[in-house]
Every structure is written in C-alpha cells, then in structure tokens.
Amino acid sequence: DKYFTIYTIVKGDNLYKIAKEYNINPILLAALNGLNESDYIYPNQEILIPKNGYSYYITKEGDTLDIVKDKFNTSIDDIINNNLIYLLPGQLLVHKK
C-alpha cells in the first residue's frame, strides 16, 4: 500500500507502545484502524501504520474543503487533484507532504 505499512501484532503489544515506536499519535493510530485507544489488540491481528511523508486527517461533521486545506496547509485545487472531494464524517484524507 502506498500510504500504510501493515503491522502484525505480537504478544505484549498495545496501541500506545506501537504509536511510540512509530512516532504516531495513538489516537490517530486507533482511529485509522477503527479502534478506540483503549481497545485490546490481539497477537496476529494486523493494523495499518501510516507511512512517513504524508499527513493524515480524519474528517468530522461540518468539515469543508476550506477547513481541510488549512489542516494540510495546501490549496483546495491540490486536494481536488488528489481526488479527495467528498467529505463525510470519519473519512480518512491523506496528503503527500
């Protein structure tokens, strides 16, 4: 995958430990994987680890292209050219830095 690395959970892992190892916000890591930060993860479970060089943002209700462009510090045209047009709550947007 262009935007993520697949990580297989091993015994003793938790989201905070993985987030620290990969220098990722644990709340974002959980959200990217459809989890809450407090959820138990199981050995052999696979999760997505965001790759470096991209910004990640999960939309929330009321977001607009104008709000998102400010989050990514980019232009609306750049967002549209990345095929990120539809903004729904819980949608993942990825932007190359």
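How many aromatic pairs does the protein hold by the ring-pairing rule? The count comes to three, where rings of Phe, Tyr and Trp (its six-membered ring) pair if their centres lie within 6.5 Å. Planes under 30 degrees apart count as stacked, those over 60 as edge-to-face and the rest as tilted.

The structure is a predicted model, in which local features need pLDDT of at least 70 and side-chain atom pairs count only at pLDDT 80 or more, while totals for chains, interfaces and linings use all residues. Residues are numbered from 1 along each chain as its sequence is written, and side-chain values use heavy atoms, with hydrogens and water left out. The average pLDDT (the predictor's confidence in each residue, from 0 to 100) is 83 for the protein, and 88% of the residues score at least 70. Helices (H or I, at least four residues) and strands (E, at least two) are DSSP runs, numbered from the N terminus. Confidence is highest in helix α1 (residues 15-21), with a mean of 95, and lowest in strand β4 (residues 92-96), with a mean of 71.

To return to the aromatic pairs, the rings of F4 and Y56 are tilted, because their planes stand at 45 degrees, with the centres 5.6 Å apart. This pair joins distant parts of the chain, as F4 belongs to strand β1 (residues 4-8) and Y56 to strand β3 (residues 54-58), 52 residues apart. Both F4 and Y56 are buried, that is, under 20% relative accessible area with a 1.4 Å probe and protein chains only; exposed means over 50%, and partly exposed lies in between. Y40 and Y42 form an edge-to-face pair, since their planes meet at 80 degrees, with ring centres 4.7 Å apart. Y40 counts as exposed, at 57% relative accessibility.

Now to the nonpolar cores, each a set of buried Ala, Val, Leu, Ile, Met, Phe, Trp, Tyr and Cys residues joined through side-chain atoms within 4.5 Å. The largest has 12 residues, including Y7, L15, I24, L35 and I49. Two or more residues come from each of α1, α2 and β2, and α1 gives the most, with three. I24 touches A19, L29, I49 and P50 (contact means heavy atoms within 4.5 Å), not counting residues up to four places away in sequence. Apart from this core lies another, of five residues, with F4, L32, Y56 and V94 among them.

Finally, N33 sits in the loop between α2 (26-32) and β2 (46-50). N33 is buried, at a relative accessible area of 19%, and it is in contact with I47 and L48, leaving aside neighbours within four places in sequence.
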